[in-house]
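Dear colleague,

Please keep it open while you read.

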Amino acid sequence: MLEEPYRWVEAIRNRREYLADQLKSASPVVGCAYENGLLLLTTTPGQRKLFEIYNQVAFAAVGHPADIEKLRKAIIDVAHVEAFNFSARDVTLQRLVNFGLGPLMKTAFDEIFRSPYTARVLVAELDPLESQETFYTIDADGSFGNSAGAAVLGGSAEGADAALARQRKEAAADSADGAVADLPLDQALQRAMESWAVGRLTAEAEEEAEEIDADRIKACIQELGGGGQRVEAAVLDRSLPTKTKFRLLSAEELEVATEGR
């Protein structure tokens with residue numbers, strides 16, 4: 001196979017198609033800023049998808065639970081090695097992605113004699129040195145991108161793009177510069193839940209032009225309880241007095257997300 005490059009290209013194409021098929025039904029993960037920090041929200045049938053990595057860094061993923069756990073442990077190891085060799089201040093999202101998860105996932109994807117990671121990852125850092133590096137999304141092939149203010153991870157590119165567009169549209173309606181950081185937590189939860197619904201409905205739509213109105217969004221959110229899914233959300237809260245700024249939201253705090261407007 002190594003003597004026939006076109007077969008390697010064909011194998012890579014097959015892997016992309018396989019991963020797209022495996023991940024297409026994944027529930028989106030929505031990340032956004034709010035008045036005290038950052039919010040991550042998704043739905044899950046049981047297993048957790050949102051985790052603390054190191055002090056002000058959080059991790060979320062969609063995909064196979066075993067692969068998610070492998071990647072979570074890998075980025076934790078990188079973070080602690082960075083902190084030990086240098087200092088806690090050197091544990092930044094940019095370094096964790098550029099020198100950690102990105103190369104790790106790309107290597108697994110390119111080596112066609114081993115299984116790729118069936119997962120996509122979203123990581124967030126509270127108050128990074130560069131605002132554009134607040135969120136990073138990493139695809140199964142190791143490619144990644146960064147953003148400020150909001151980010152969405154989805155099973156399909158169409159669903160993620162639609163949810164992110166919803167986030168940005170709502171932000172633009174709030175202020176001239178599109179700032180969302182002054183939203184209280186309850187409003188940020190509602191916004192994130194609605195963006196999640198837009199992403200979910202877009203991914204499930206048979207026709208791209210199908211309109212997603214407020215009634216469909218509300219119905220999608222209300223159907224969660226009967227579908228075996230539960231809402232999971234976490235924050236990186238700069239007001240916490242501890243070194244770690246990560247905490248999972250309680251069921252009581254999440255009620256506002258499923259109530260709708």
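Of the contacts in the chain with a separation of 6 or more, 66% are between residues 24 or more positions apart, where contact means heavy atoms within 4.5 Å. Please bear in mind that this is a predicted model, in which local features need pLDDT of at least 70 and side-chain atom pairs count only at pLDDT 80 or more, while totals for chains, interfaces and linings use all residues. Residues are numbered from 1 along each chain as its sequence is written, and side-chain values use heavy atoms, with hydrogens and water left out.

The chain has 7 helices and 10 strands, which are DSSP runs numbered from the N terminus (helices: H or I, at least four residues; strands: E, at least two). Its radius of gyration, taken over C-alpha atoms, is 18 Å, close to the 18 Å that the globule rule (2.2 Å times the number of residues to the power 0.38) gives for 261 residues, so the chain is as compact as a globular protein of that length. Of these 261 residues, 47% count as buried, meaning under 20% relative accessible area, whereas exposed means over 50% and partly exposed lies in between (1.4 Å probe, protein chains only).

Leaving aside residues up to four places away in sequence, Ala148 touches Ser131, Gln132 and Thr134.

Best wishes
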